[in-house]
Amino acid sequence: MAGYTSNSHTILISGLFGALASTLSMGAGAWLATKSENELMDTTLSRARKSIETERESELETLSLIYQAKGFNETDAKYIARTIAKDDKMFLQTIAQEKHGLHESAKGNPWSSAISGSISTLVGAIVPLIPFFFCSGRLALVLAAIVSILAHFVVGAAKSFVTVRSWWSSGLEMTMAGIIVGVVSYALGLLGNVVLG
């Protein structure tokens with residue numbers, strides 16, 4: 001919007017409504033995605049349960065083969081599989097995890113996902129608008145760019161706490177992505193001004 005017009009009031013209002021729309025959209029998307037993942041997990045668990053009930057020996061053999069592939073000899077693998085199968089609940093959990101890669105504890109809460117997705121999107125959308133609350137024109141635009149670049153670097157650096165990359169490398173990567181998106185978006189605004197203005 002800053003590329004399309006220099007009117008700070010228009011930029012601020014558009015940014016606020018854009019932030020609201022993005023927040024609602026991301027929240028709904030996160031809710032639906034988590035709910036879909038949970039439903040897929042439930043469906044897979046239901047099929048595994050039915051398979052255990054109707055083809056128990058086949059599932060035992062499958063579990064035995066999985067353990068053999070992990071390095072156990074055939075006798076030990078069959079013994080482990082049969083020992084696990086004595087407890088139906090444990091058998092189902094093991095089949096779900098070993099055969100399908102599922103674990104019930106991995107289920108997400110759709111509402112928690114929606115709230116966290118919405119809040120993070122709102123914060124990310126509001127940060128570049130902060131300068132427009134206090135100043136206008138080119139100064140607000142420059143400050144917004146600086147604030148956005150710093151925010152991208154901080155978020156990227158914080159990502160390093162859950163990855164193996166260095167904080168500065170992760171921060172620079174996120175910063176570069178933000179700069180590219182910002183420049184392209186600004187250029188599209190300028191193009192829109194030429195075409196529509």
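This note sets out numbered points on helix packing and on selected residues in a predicted model.

1. Basis of the note. Residue numbers start from 1 along each chain as its sequence is written, and side-chain values use heavy atoms, with hydrogens and water left out. Because the model is predicted, local features need pLDDT of at least 70 and side-chain atom pairs count only at pLDDT 80 or more, while totals for chains, interfaces and linings use all residues.

2. Packing of H1 with H5. Helix H1 covers residues 8–54 and helix H5 covers residues 110–126; the two pack at an angle of about 155 degrees, and their axes are 7 Å apart. Helices (H or I, at least four residues) and strands (E, at least two) are DSSP runs numbered from the N terminus. Axes are lines fitted to C-alpha atoms, for helices over the stretch in contact, and angles between N-to-C directions run from 0 to 180 degrees. H1 and H5 are therefore roughly antiparallel to each other; angles over 145 degrees count as roughly antiparallel, under 35 as roughly parallel, 65 to 115 as roughly perpendicular and the rest as oblique. The crossing of H1 and H5 is right-handed, a term used if the near helix is turned clockwise from the far one by less than a right angle, whereas anticlockwise is left-handed.

3. Residues between H1 and H5. On the H1 side, the residues that meet H5 include Leu 16, Ala 19, Met 26, Gly 27 and Trp 31. Their partners in H5 include Trp 111, Ala 114, Gly 117, Ser 118 and Leu 122. This contact (heavy atoms within 4.5 Å) is made up of 11 nonpolar, nine polar and one charged residue. Here Ala, Val, Leu, Ile, Met, Phe, Trp, Tyr, Cys and Pro count as nonpolar, Asp, Glu, Lys and Arg as charged, and the others, Gly among them, as polar.

4. Packing of H2 with H4. Helix H2 (residues 56–69) and helix H4 (residues 88–100) pack at about 55 degrees, with 11 Å between their axes. H2 and H4 are therefore oblique to each other, and their crossing is left-handed. Among the H2 residues in this contact are Arg 56, Glu 59, Leu 63 and Tyr 67, which meet H4 residues including Asp 88, Phe 91, Ile 95 and Lys 99. By class, the contact of H2 with H4 holds six nonpolar, two polar and five charged residues.

5. Helix H4 itself. H4 has 13 residues and spans 17 Å from its first C-alpha to its last, close to the 18 Å expected at 1.5 Å a residue; the expected span is 1.5 Å times one less than the number of residues. Phe 91, Leu 92, Thr 94, Ile 95 and Ala 96 are the buried residues of H4, where buried means under 20% relative accessible area, exposed over 50% and partly exposed in between (1.4 Å probe, protein chains only). These buried residues pack against H1, H2 and helix H3 (74–85).

6. Thr 175 belongs to helix H8 (residues 167–196) and is buried, at 8% relative accessible area. Leaving aside neighbours within four places in sequence, Thr 175 is in contact with Ile 149, His 152 and Phe 153. Ser 25, in helix H1, is partly exposed at 47%.

7. Tyr 4, in the segment before H1, is partly exposed at 34% relative accessibility. Not counting residues up to four places away in sequence, Tyr 4 touches Gly 189, Leu 190, Gly 192, Asn 193 and Leu 196. The C-alpha atoms of Tyr 4 and Tyr 79 are separated by 71 Å. Gly 71 lies in the loop between H2 and H3 and is exposed, with a relative accessible area of 62%.
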